[in-house]
Amino acid sequence: VIAINGKFPGPTLNVTTNWNVVVNVKNHIDEPLLITWNGIQHRKNSWQDGVSGTNCPIPAGWNFTYQFQVKDQIGSFFYFPSLHFQRASGGYGGIIINNRDVIPVPFGTPDGDITIFISDWYIKSHKDLRKELEDGSDLGVPDGVLFNGLGPYRYDVSVVPEGIAFETINVEPGRTYRFRVHNVGISTSLNFRIQNHNLLLVETEGSYTVQQNYTNMDIHVGQSYSFLITMDQNASTDYYMVASSRFTNSTSVSRVTGVAILHYSNSQGPAAGPLPDPPNEFETYYSMNQARTIRWNVSAGAARPNPQGSFKYGDITVTDVYVLLNRPAELIGGKWGTTLNGISYIAPATPLKLAQQFNIPGVFKLDFPNRMMNRPTKFDTSIINGSYRGFMEIIFQNNDTTVQSYHMDGYAFFVVGMDYGTWTENSRGTYNKWDGVARCTTQVFPGAWTAILVSLDNVGMWNLRAQNLNSWYLGQEVYVSVVNPEITNKTEVAMPDNAIYCGLLSYLQRYQAHKVSFSGTTGVPNASTITTLVALLLTFFCCIKVIDW
């Protein structure tokens, strides 16, 4: 696994709206590394985004310090390594952005705050998995599902072998806890549920939602949800917490099921009996209909005191429309790639943001098509030329056979519609133009479409990608360049002094005299039980409070 400060998952970054955050990353793994902050908008500062289009990788043995402000944000997010399929081996941790004291929260203060990471898991290393993708192989069914980096509780002796460590969440009866649940996996949608307990949804990826009770929730790759869960049962036993695969071959469901334990302090015994039932796999509209019920709480404030609904996105005129059609992996000139609008993205040796900063020609083209073109698929470094302060409509059309999630860095977008079939202009008649939830990652079901609206008010170079690692790794991404045309108006944070140079700018890079030394597995407990162990060290220094006048 890729551990952080000797832990898997890594430490949670717990901050408050508008704080400045300083994170020192020491790369002890044996290949280049970048850390990206899923859902953090980095207002006017894409230099800190930690993806291949904005930053040169941190070489093995080097350190790099990220510095960013969590400007005007609240909510539940996570960080992870963005290069080389590394997230498949871990390297992730949580981000909590708390409200400022002066901003009311639309629910009472919980008695505790609990972060849960659920993920599919392959025993093979991320290096072996990416090699399989490069060779045109499908990853197949995962070997299991993890809860906070741990395997399943032995709920069935015929399914789960002895000796597997499992997660236990300890709670007090009668109290209410906030559970922040993140799907940090590779490509599997997971259904989350807790035996005999309701999930009161209150927030997703920085937006307070209309509060509704659910018995279970489909959480797709890269998505984050906050639930309030009250410990209102009689504690005759412990209770199962389950994350099971969705849309997977039914013969493999038991294998792709993660089970943890919810333990009341007055529990009378271990959890027993069958797991709580998942949704019916044959009800194809269940997951989509559930997604449609997730709505924006328009009367609640978030990072600012004014209600979320005061931004009336449904009244804004759309300036640009992009219909992004995906396709599953295919051979393109003898190499496997996935595409959006017929283009499989190639990351140049010189990051896009650096090439833009230094006016280097030929690194990228601002000609990404707004629809599928009638031409052969190709590899290219083509990006979207976003209009500063424009209002963009993006339709994701999923021609793949699996659920795909899409994420946009730098922004929260409004999910206004989804349906099965092919999107047409008449589909706009079904859009939710009042309380569609604002978030940064949305699912697109196979043979279906999802429409989002986004206000391009954040200058920078922003990654728009598939969150499913197999699709992303093979090229299903694009960047949106948002530039303020008024040269006299300095709307973007300056390039950081500690920027790493690579590609055509390698000659500017100074040797890093204080490299970190490789530590191998020293100091990590139970190293003998882990086949491959590498360590990624993040030393968190936070936070410097900034007064927002």
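Let me begin with Lys-353, whose charged end sits over the ring of Trp-47, 5.4 Å from the ring centre. Please bear in mind throughout that this is a predicted model.

I turn now to contacts between rings. The structure holds 29 aromatic pairs, and I shall discuss two of them individually. In one, the rings of Phe-247 and Phe-445 have centres 6.4 Å apart and planes at 80°, so the pair is edge-to-face. Phe-247 belongs to the loop between strand E17 (239-245) and strand E18 (257-264), while Phe-445 belongs to the loop between strand E28 (441-444) and strand E29 (448-455); the pair therefore ties together parts that are 198 residues apart in sequence. As for accessibility, Phe-247 is partly exposed, at a relative accessible area of 36%, whereas Phe-445 is buried, at 1%.

The other pair is formed by Phe-311 and Phe-414. Their ring centres are 5.8 Å apart and their planes stand at 10°, so this pair is stacked. Phe-311 lies in the loop between helix H2 (286-292) and strand E19 (320-332), and Phe-414 lies in strand E26 (residues 413-420), so parts 103 residues apart in sequence are tied together. Here Phe-311 is partly exposed at 35% relative accessibility, and Phe-414 is buried at 6%.

Ring pairs also build a cluster, which links Trp-37, Phe-64, Tyr-66, Phe-68 and Tyr-79.

Next, the cysteines. How many disulfides does a search of the whole structure find? The search finds 1. This disulfide joins Cys-56 to Cys-502, with an S to S distance of 2.1 Å. The torsion about the S-S bond is about -85°, so the disulfide is left-handed. Distant parts of the chain are linked by this pair, as Cys-56 and Cys-502 are 446 residues apart. Cys-56 is in the loop between strand E4 (35-38) and strand E5 (63-69), and Cys-502 is in the loop between strand E31 (477-483) and strand E32 (534-544). Are these two cysteines buried or exposed? Cys-56 is buried, at 4% relative accessible area, and Cys-502 is buried as well, at 14%.

Finally, the surface. Phe-358, Tyr-507 and Leu-508 form a nonpolar patch there, and together they have about 310 Å² of accessible area. Phe-358 is located in the loop between helix H3 (352-357) and strand E22 (378-380). With 33% relative accessibility, Phe-358 counts as partly exposed.

Conventions:
Residues are numbered from 1 along each chain as its sequence is written. This is a predicted model: local features need pLDDT of at least 70, side-chain atom pairs count only at pLDDT 80 or more; totals for chains, interfaces and linings use all residues. Side-chain values use heavy atoms; hydrogens and water are left out. Patches are made of residues with over 30% relative accessible area and no salt bridge: like charges are joined within 9 Å, nonpolar side chains (Val, Leu, Ile, Met, Phe, Trp, Tyr) within 5 Å. Accessible areas come from the Shrake-Rupley method with a 1.4 Å probe; for residues, only the protein chains shown count as cover. A salt bridge is a side-chain nitrogen of Lys or Arg within 4 Å of a carboxyl oxygen of Asp or Glu. Helices (H or I, at least four residues) and strands (E, at least two) are DSSP runs, numbered from the N terminus. Buried means under 20% relative accessible area, exposed over 50%, partly exposed in between (1.4 Å probe, protein chains only). Rings of Phe, Tyr and Trp (its six-membered ring) pair if their centres lie within 6.5 Å; planes under 30 degrees apart count as stacked, over 60 as edge-to-face and the rest as tilted. A charge sits over a ring if NZ of Lys or CZ of Arg is within 6 Å of the ring centre and within 35 degrees of the ring normal. A disulfide is a pair of cysteine sulfur atoms within 2.5 Å.
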